[in-house]
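Biologist: I am new to this structure. Could you take me through its open and enclosed spaces, and then through some of its strands and helices?

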Amino acid sequence: MIQQPNRPSSYDVIVIGGGPAGTALATFLQRQGHTCLVLNDSTFPRYHIGESLIPHTYGTLDRLGLLPQLRASHFPVKHSVRFVSPSGEEADPFYFSETVEGDRARTWQVERSEFDQMCLDNALQAGVEVRMGTSVHEVLFENGQAVGVTAHQGAESPTEIRSKVVVDASGRATIIGKQLGLREEVPNLQKSSIWSYYRGGRRLEGIDGGETTVFMIKDRGWFWYIPLPDDIVSVGVVAAPEYLFDESNDFEEVYRREVARCQPLGQRLENAEQVDIVRGIRKLAYLNRQVAGDGWIMIGDAAGFLDPIYSSGLFLALASAELAANCVH
């Protein structure tokens, strides 16, 4: 493939993945004078799970300059988390303001296609070059050091793009982790997840209307209930695979069974209509034995993923991006 006009053949930093982690890192580094290229295999807007922000994302979002857009958005404001026992007994809500002062005590439940686009546009405004629909074929190494990637768009032949640093922000694809054989399962943390979306699920009043509600089920499993814009709620179950798939391996069948079994959740969904397909992941947790090396680093879900009960995914993505950007700089 011939290099396209006005496209350099080398950059300071190549970022694999255009999600919040990759675009945040690229934004910070581009502002510090480093040329950054983000390669993303899909095009936006795109679907993604992981909709709940926790208060500790505030600092990174502030330094990215995204808080004004979030405050003006239609994303439900999240002030608290509440746990509900299998019998329906509700714990008092945990309000973030009990331990966090001021505006940092509130956060948002985000619709990811919009939030991810917001992060991507922010990177573009900072001067980051972004190539969508571009898949990374492999990361290039010379004498043990990452020196770039080979990538292609569509049916085009792969082309070589060089860089001083390669950042793996490819999410669960873990491009470098798989290439170097670093990805491993997490012992004693084998969970599966199945989820879908409803319109018309019951919401609580006042500042509790945007809370995350966690419905506990048997064998240390649980449901999330996350209010989203346009009267949509995200509802998903997380539990051990031997529990979820003891009777069937079909995601939709298992999901409907578990929703029907959870009576407190059923009360919230009594007048709701399911409006999306059922999706699932059979093995949630993984880690990489090594997350940085000569000329490369992993951030966000590319580095690892744990049980999502505390909605830490976007926080770890944004925080690791900011820390990694400082290291790369």
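Biologist: What volume does the second largest pocket have?

Modeller: The model is a predicted one. In this model, 15 residues line the second largest pocket. The volume of that pocket is about 260 Å³.

Biologist: Which residues lie nearest the centre of the second largest pocket?

Modeller: Strand 4 (80-84) and strand 13 each give at least two residues to the lining of this pocket. Of the 15 lining residues, those nearest the centre are Ile54, Pro55, Val81, Phe94 and Phe96.

Biologist: How many residues of each class does the lining of the second largest pocket have?

Modeller: The lining consists of 15 residues. Sorted by class, they are 10 nonpolar, 4 polar and 1 charged.

Biologist: How many cavities of 30 Å³ or more are there, and what volume has the second largest cavity?

Modeller: With 30 Å³ as the cut-off, the count is 2 cavities. The second largest cavity has a volume of about 40 Å³.

Biologist: How many charged residues are in the lining of the second largest cavity?

Modeller: The lining is made up of Arg202, Arg203, Leu204, Asp208, Gly209, Glu211, Thr213, Tyr225, Pro227 and Arg268. Arg, Asp and Glu count as charged. Beside 3 nonpolar and 2 polar residues, the number of charged ones is 5.

Biologist: Which elements cover the buried residues of helix 7?

Modeller: Helix 7 spans residues 251-261, and Val254, Tyr255, Arg257, Glu258 and Val259 are buried there. Their cover includes strand 12 (192-199), strand 13 (212-217), strand 14 (221-228), strand 15 (232-239), helix 6 (241-244) and helix 8 (263-268).

Biologist: Why do Cys36 and Val38 point one way from strand 2 and Leu37 and Leu39 the other way?

Modeller: In strand 2 (residues 36-39), Cys36 and Val38 share one direction while Leu37 and Leu39 take the other, and all are buried. The reason is that side chains in a regular strand alternate between the two faces of the sheet.

Biologist: In what sense do strand 1 and strand 2 pair, and which hand has the crossover between them?

Modeller: Strand 1 (residues 10-16) pairs with strand 2 over 4 bridges, in the parallel sense. Val13 is opposite Cys36 of strand 2. From strand 1 the chain passes through helix 1 (residues 20-31) to reach strand 2, and this β-α-β crossover is right-handed.

Biologist: Which residue in strand 7 is the bridge partner of Leu39?

Modeller: Strand 2 also pairs with strand 7 (residues 129-131), in the parallel sense and over 3 bridges. The bridge partner of Leu39 in strand 7 is Arg131.

Methods:
Residues are numbered from 1 along each chain as its sequence is written. This is a predicted model: local features need pLDDT of at least 70, side-chain atom pairs count only at pLDDT 80 or more; totals for chains, interfaces and linings use all residues. Side-chain values use heavy atoms; hydrogens and water are left out. Buried means under 20% relative accessible area, exposed over 50%, partly exposed in between (1.4 Å probe, protein chains only). Two strands pair if DSSP finds at least two bridges between them. A crossover is right-handed if, with the strands pointing away from the viewer, the path from the first strand over the helix to the second runs clockwise. Contact means heavy atoms within 4.5 Å. On a 1 Å grid over the protein atoms alone, a cavity is a set of points where a 1.4 Å probe fits but cannot get out, and a pocket is an open set with protein on both sides within 12 Å along at least five of seven lines; lining residues have an atom within 4 Å of a point. Grid points are joined across faces, edges and corners, and a volume is the space filled by probe spheres set on the points.
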